[in-house]
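Student: Could you take me on a close look at one part of this model, and then show me how the rest of the chain is put together around it? I would like one connected answer.

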Amino acid sequence: MPTFPEQPKALKRRTVAAGTALLACALVLVLVAAAQADQTYRFTGKDSFAVGNSDTHSEISYHGSESLRRSRSGSSTTYVAEARYVRTDQGASSHVRASYKALFNPSGEQHDLENHDPDYLTVLNQPFAVQLDADTFRDLARLRGEVPFDFPSPMTGSTLHGRIRRIGEGIVSGARALGVRFDAAGAMQGTLPDRPQVTLNGRIRMQGSAYYRSEDALLVVLDATLTISGNLANPEGTKPVTIVYRRTIRAEPPPAKER
């Protein structure tokens, strides 16, 4: 992402080695070489599925915490995220664990090694990379106005077209951070990974914001919403359908220093 002439050059291809991800193959930026200590996060989420005016409506909510660890091997870095959370589906709650493991090579390409995150809640299973290299972060800080960007749809592989812009700096989770806002949309046609029985034609839109810590370019806040709207096809005809996935992930602030 050196100059942002038309779209960020740091868009990288993501290789999925195990499992599928709701937000896989979206915007993946370059991983920084040097890194700080492990980071913990708090997160919330909500999924809603509505068919017709009032025929079918379901909602699932999530809240919990996760830890992020990493290890270096040669020029590559492996990240592991482990989460514990409460999943509430139509009033019934359960305690769940999830994990995700990914390898980043020097070119910024992310290889997903292990995916035990069916609810898409870990920080590694999101549209933005967990950390940026120094040059990419510097370019974001210098960005003025909006720039266009394209990336494959998280579900269908079709292209989403959108724009990304800087939204300034501020104190986030106890540290100075730089924010970006994104909004992209495209056509949706086919089945859903978590609802293979559902076939629909419509539109998919991804929007939200992300903040990276100025000290080390680590992702400290992600607020993302994925909305799918269209017509549900079944033997009896078609019905309008709306599916919304919301995820908010926030880093825990560092402990207060003793005086």
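Tutor: Let's start at Thr 225, which sits in strand β11, spanning residues 219–234. Keep in mind that this is a predicted model. Thr 225 has a relative accessibility of 16%, and because buried means under 20%, Thr 225 counts as buried. Setting aside residues up to four places away in sequence, Thr 225 touches Arg 205, Met 206 and Gln 207, and also Val 244, Tyr 245 and Arg 246.

Now for the setting of that strand. The chain has 12 strands and one helix, in the order β-β-β-β-β-β-α-β-β-β-β-β-β along the sequence. Of its 259 residues, 48% count as buried. Among contacts between residues at least 6 apart in sequence, 58% join residues at least 24 apart.

Leu 68 is in contact with Tyr 41, Val 123, Leu 124, Val 130 and Leu 218, among others beyond four places in sequence.

Gln 131 is buried, with a relative accessible area of 0%. A polar atom of its side chain lies 3.1 Å from the backbone oxygen of Asp 216.

Asp 119 forms a salt bridge with Arg 87, with the closest N and O atoms 3.4 Å apart. Since Asp 119 lies in the loop between β6 and α1 and Arg 87 in strand β4, this pair ties together parts 32 residues apart in sequence. Asp 119 is buried at 9% relative accessibility, while Arg 87 is partly exposed at 23%. Arg 87 and Asp 119 are also linked with Asp 89 in a network of salt bridges.

In total, the count comes to 11 salt bridges. Another of them joins Glu 82 and Arg 69, whose closest N and O atoms are 3.5 Å apart. Glu 82 is in strand β4 (residues 76–89) and Arg 69 in strand β3 (residues 56–73), 13 residues apart. Both partners are partly exposed, Glu 82 with a relative accessible area of 39% and Arg 69 with 37%.

How values were computed:
Residues are numbered from 1 along each chain as its sequence is written. This is a predicted model: local features need pLDDT of at least 70, side-chain atom pairs count only at pLDDT 80 or more; totals for chains, interfaces and linings use all residues. Side-chain values use heavy atoms; hydrogens and water are left out. Helices (H or I, at least four residues) and strands (E, at least two) are DSSP runs, numbered from the N terminus. Buried means under 20% relative accessible area, exposed over 50%, partly exposed in between (1.4 Å probe, protein chains only). Contact means heavy atoms within 4.5 Å. A polar contact is a pair of N or O atoms within 3.5 Å; within protein, one must be able to donate a hydrogen and the other to accept it, and residues adjacent in sequence count only if both atoms are side-chain atoms. A salt bridge is a side-chain nitrogen of Lys or Arg within 4 Å of a carboxyl oxygen of Asp or Glu.
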